[in-house]
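Me: Please take a close look at one part of this model and the contacts around it. State the cut-off behind each term that you use.
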Amino acid sequence: MAEFLADLHGYWEMIRFPLGALLCLGGSILCVIGTVGVLRFPDIYTRLHAASITDTSGAALVLFGMMLLSPGWLVISKLFAICVFIFLTSPTASHALANAAHTAGVQPIIGRVGTSEAEGEDA
Amino acid sequence: MAYFLGLVLALAAFWLGMSGHNTPLILSLGGISLIVTCILAYRLDIIDREGSPYVRLVGFLLYFPWLAKEIVKANISVIRACVKADLDIAPALVKVKTICKSDLAKVTFANSITLTPGTVTVEIEGDKLLVHGLYEQDSQPEAFVEMDQRSARAIDGKGAAA
């Protein structure tokens with residue numbers, strides 16, 4: 001049993017770094033996708049939705065990847081604290097932005113938005 | 001008293017996690033900073049339900065896995081909307097009524113809505129939330145009922161969700 005556990009630990013050490021790197025890569029890709037969404041969507045409210053991809057899944061995946069890559073518990077606890085604070089503050093910031101836009105009287109685009117309108121928006 | 005103990009425990013755990021030094025000098029400095037923080041918090045009169053919400057931690061820890069699942073599900077649909085060749089979204093503003101009583105539960109509910117991609121809480125007035133959604137069909141008031149009940153149960157306790 002002890003031997004098996006030692007083996008398991010060895011395997012874990014072996015897959016830890018590729019797995020962490022993969023998670024970091026996936027998180028970065030999600031951040032890029034969020035950025036693409038911010039550039040493509042028409043108005044501030046819809047852009048906030050795209051930005052929240054970067055906030056939630058992108059940041060979480062990158063942080064989990066870094067936790068797997070980290071050398072000790074101390075770094076993990078710091079990354080965990082970062083994770084908690086991001087999850088507490090990013091919706092607050094999004095809400096502040098949306099509320100500011102709403103208070104300033106920015107009218108959201110309502111209803112179906114097609115490709116042609118979006119291209120007109122970009123140009 | 002429970003709030004005070006919760007604050008002390010959380011601060012101590014946070015300090016230990018941040019520093020990682022175990023020499024007596026550094027530890028005593030940490031203890032002093034903890035005491036100063038507690039005195040300041042007491043003088044500011046913020047050692048209450050909102051300043052130290054650790055009593056409800058168990059309820060929140062039970063709530064979070066469900067929220068994480070919802071976040072993953074919502075992420076997939078918004079990612080699809082971002083990378084799709086044709087831009088195909090139908091934004092909508094909806095009013096959502098909440099059953100959350102305390103401010104803390106309302107904040108939890110509103111932050112949960114904002115945290116799930118595709119929906120953003122724009123404004124809170126009393127027990128009504130103005131929510132902007134990326135897809136009209138996904139952001140009808142009925143879609144938030146379960147989240148509302150779960151966050152009310154997590155923060156306000158069992159009786160509130162009835």
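Reply: In this predicted model, S1(B) and strand S3 (residues 128-133) of chain B pair in the antiparallel sense over six bridges. Strands are DSSP runs of E of at least two residues, helices are DSSP runs of H or I of at least four, and both are numbered from the N terminus. Two strands pair if DSSP finds at least two bridges between them. Residues are numbered from 1 along each chain as its sequence is written, and chains are lettered from A and ligands numbered from 1 in the order in which they are written. Local features need pLDDT of at least 70 and side-chain atom pairs count only at pLDDT 80 or more, while totals for chains, interfaces and linings use all residues.

S3(B) also pairs with S2(B), again antiparallel and through six bridges. B:Leu130 of S3(B) is the bridge partner of B:Lys95 and also that of B:Glu123. S2(B) and S3(B) make a hairpin with two residues between them, and B:Gly126 in the turn has a positive phi of about 60°. The three strands form an open sheet of chain B in the order S1-S3-S2, with antiparallel pairing. Strand S1 (92-97) and strand S2 (119-125) are at the edges with a single partner strand each, so one side of each has no neighbour in the sheet. On average, neighbouring strands of the sheet are turned by 25° against each other, direction ignored; axes are lines fitted to C-alpha atoms, for helices over the stretch in contact, and angles run from 0 to 180 degrees between N-to-C directions.

Chain A reaches this sheet through helix H3 (residues 73-103) of chain A, which lies across S2 and S3 of chain B and runs at about 65° to S2(B). For the interface overall, 29 residues of chain B are in contact with 35 residues of chain A, where contact means that C-beta atoms, placed from the backbone, lie within 7 Å. Helix H1 (2-19), H3, S1, helix H4 (103-115) and S2 of chain B each give two or more residues to the side that touches chain A. H3(B) supplies the largest share of that side, six residues. By class, that side has 19 nonpolar, eight polar and two charged residues; Ala, Val, Leu, Ile, Met, Phe, Trp, Tyr, Cys and Pro count as nonpolar, Asp, Glu, Lys and Arg as charged, and the others, Gly among them, as polar.

H3(B) spans residues 57-83, and its axis comes within 10 Å of that of helix H2 (residues 44-69) of chain A, with a crossing of roughly 135°. H2(A) and H3(B) are therefore oblique to each other; angles under 35 degrees count as roughly parallel, over 145 as roughly antiparallel, 65 to 115 as roughly perpendicular and the rest as oblique. Residues of H2(A) that meet H3(B) include A:His49 and A:Ile53, and those on H3(B) include B:Ile71 and B:Asn75. This contact has six nonpolar, four polar and no charged residues.

As for confidence, chain B has a mean pLDDT of 82, with 96% of its residues at 70 or more; pLDDT is the predictor's confidence in each residue, from 0 to 100. The predictor gives the complex an ipTM of 0.78 and a pTM of 0.79.

Conventions:
Contact = placed C-beta atoms within 7 Å.
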